[in-house]
Amino acid sequence: MPYWNPEQMQQLLDEHNEQQLFDIALSLAKQLGMDFMGFTIRRHVATQSPQYILLNNFPGEWNTRYQQGDYVRIDPIAIHCQQSLQPILWNGDTFAETPQYWEEAQSFGLRFGWSQAIHDVRGNQSMLSVLRANGPITPAEYLEKNCQTLWLCNLIHTLIVERIHPQKRVTYQLSAREIEVLKWSAEGKTAADIACILDLSESTVNFHIRSVMAKMNTSNKTSAVVRAAMSGLL
């Protein structure tokens with residue numbers, strides 16, 4: 001098993017810039033006998049569309065074709081990694097249903113290697129691919145080196161999500177009573193039910209619900225409950 005330089009590994013752990021982080025990781029991948037490395041992370045952001053970070057040293061023309069052709073829709077590697085944490089080899093069997101795509105990728109030197117996915121409990125997903133132009137991956141090499149790429153994928157994912165691009169928690173200035181009303185709403189209680197439970201008038205409960213919706217910029221009570229739950233208020 002190839003052993004990585006401890007100094008490089010420490011540099012990786014200390015890095016705060018995503019491009020520098022990638023460059024150090026790429027040098028480690030090259031020590032494993034690879035020419036290319038790609039890292040993609042899909043960051044889950046509460047109440048917003050996912051954010052994507054793409055880092056690789058693939059040929060520029062391939063990146064352009066991939067994006068303009070929307071290849072992610074047919075890429076069996078990307079599809080697999082969205083659904084599974086099992087590593088997947090780049091070979092003819094994997095691309096059996098997309099032979100033209102496979103032929104095009106190989107023409108850019110993306111021929112032999114594997115990809116590994118990471119999914120965390122917050123809904124973030126990452127995919128690390130290590131590839132080379134020449135030399136098939138033997139079962140022995142794959143078993144020997146896959147544990148290192150799994151560790152590398154986990155580390156890059158953690159550093160980007162928690163240090164370089166930490167998710168900012170949205171805070172809402174809700175009163176104790178508003179939170180109480182939301183908690184009962186989350187239990188499926190109606191305004192009339194909550195009024196009885198809290199010994200309030202139904203109009204007062206509805207006032208609190210409207211206030212919460214305004215503060216959270218939501219169009220209905222259900223959305224407010226979901227947003228409050230995702231923000232850790234419930």
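Ile-160 touches Leu-21, Phe-39, Ile-41, Ile-53, Leu-55, His-165 and Pro-166, leaving aside residues up to four places away in sequence; contact here means heavy atoms within 4.5 Å. The model is predicted, so that local features need pLDDT of at least 70 and side-chain atom pairs pLDDT 80 or more, while totals for chains, interfaces and linings use all residues. Residues are numbered from 1 along each chain as its sequence is written, and side-chain values use heavy atoms, without hydrogens and water.

Ile-160 is also among the residues with the most contacts inside the largest nonpolar core, together with Leu-12, Met-37, Leu-152 and Ile-156. Such a core is a set of buried Ala, Val, Leu, Ile, Met, Phe, Trp, Tyr and Cys residues joined through side-chain atoms within 4.5 Å, where buried means under 20% relative accessible area (1.4 Å probe, protein chains only). This core has 31 residues, and helix 6 (139-164) gives the most to it, with 9 residues. A second, separate core of 19 residues includes Cys-81, Trp-90, Tyr-101 and Trp-102.

Of the 8 residues of strand 1 (residues 36-43), 6 are buried. Strand 1 pairs in the antiparallel sense with strand 5 (residues 125-132) over 7 bridges, and 6 bridges join strand 1 to strand 2 (residues 51-56), also antiparallel. Pairing requires at least two DSSP bridges; helices (H or I, at least four residues) and strands (E, at least two) are DSSP runs, numbered from the N terminus. Phe-39 stands opposite Leu-128 in strand 5 and opposite Leu-55 in strand 2.

Methods
Buried < 20%, exposed > 50% of the residue type's maximum accessible area, 1.4 Å probe, protein only.
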